[in-house]
Amino acid sequence: MSQKEAWVYTNDLEEQGMIYPLLQEANIPFVEFGPTSEEGTPYLEYNHFRFDGIDAIKDFVEQWKKEERAIKKVVREWMERMRRAYETRQSGSSDYDIDCPVCGGCRDISYYPDKGWQNTNRDCSFTFPGHLMPPTPDEFRAYLEHEGLQQRIEMFLNSE
Ligand SMILES: [Zn+2]
């Protein structure tokens with residue numbers, strides 16, 4: 001289970017003024033966890049990793065943005081495949097699975113009605129963060145059907 005928010009430890013407003021805008025700009029959810037235990041540099045904790053100091057926190061933000069782009073890319077690729085399958089009425093079973101954005105595993109992530117999107121690769125610990133959870137295959141299919149319906153309706157509404 002991945003952590004929902006980054007935990008930030010700072011000593012004063014000046015440190016917060018350097019760190020908060022970085023996290024806000026990247027839409028990273030975070031909570032202030034109070035002062036550092038010893039009079040030390042500010043740090044951030046996320047999923048059992050600790051990032052000490054401003055430079056390490058900047059690296060964390062860059063890493064976060066990179067992973068978000070990678071996640072959006074594999075989900076977009078999956079959606080294009082699902083759309084092709086829907087339009088051509090032809091699909092293989094693996095068309096319904098998503099590539100792993102972290103290790104690059106092909107079709108590693110499958111949807112199970114009782115468990116949601118699950119990584120089937122035991123060597124990789126990637127799970128979708130809540131704010132980037134893809135729709136279920138059924139939800140996306142409903143979206144495609146809705147698009148088809150909209151086109152049929154607009155054909156009449158926009159006619160002479
Ligand atoms: Zn993976």
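A crossing of two helices is left-handed if the near helix is turned anticlockwise from the far one by less than a right angle, and right-handed if clockwise. Helices here are DSSP runs (H or I, at least four residues), numbered from the N terminus. The model is predicted, so local features need pLDDT of at least 70 and side-chain atom pairs count only at pLDDT 80 or more, while totals for chains, interfaces and linings use all residues. Residues are numbered from 1 along each chain as its sequence is written.

Helix 2 (residues 53-88) passes helix 3 (residues 137-157) in a right-handed crossing. Their axes, 11 Å apart, pack at an angle of about 60°; axes are lines fitted to C-alpha atoms, for helices over the stretch in contact, and angles run from 0 to 180 degrees between N-to-C directions. That angle makes helix 2 oblique to helix 3 (under 35 degrees is roughly parallel, over 145 roughly antiparallel, 65 to 115 roughly perpendicular and the rest oblique). Met 79, Met 82, Arg 83 and Tyr 86 of helix 2 contact Pro 137, Phe 140, Arg 141 and Leu 144 of helix 3, contact being C-beta atoms, placed from the backbone, within 7 Å. Of these residues, six are nonpolar, none polar and two charged (Ala, Val, Leu, Ile, Met, Phe, Trp, Tyr, Cys and Pro are nonpolar, Asp, Glu, Lys and Arg charged, the others, Gly among them, polar).

Helix 2 also packs on helix 1, with axes that come within 10 Å and cross at roughly 5°. Helix 1 and helix 2 are therefore roughly parallel. Here Met 18, Ile 19, Leu 22 and Leu 23 of helix 1 meet Ile 54, Ile 57, Lys 58 and Val 61 of helix 2. This contact has seven nonpolar, no polar and one charged residues.

Terms used. Helix = DSSP H or I, 4+ residues; strand = E, 2+ residues; numbered from the N terminus. Contact = placed C-beta atoms within 7 Å.
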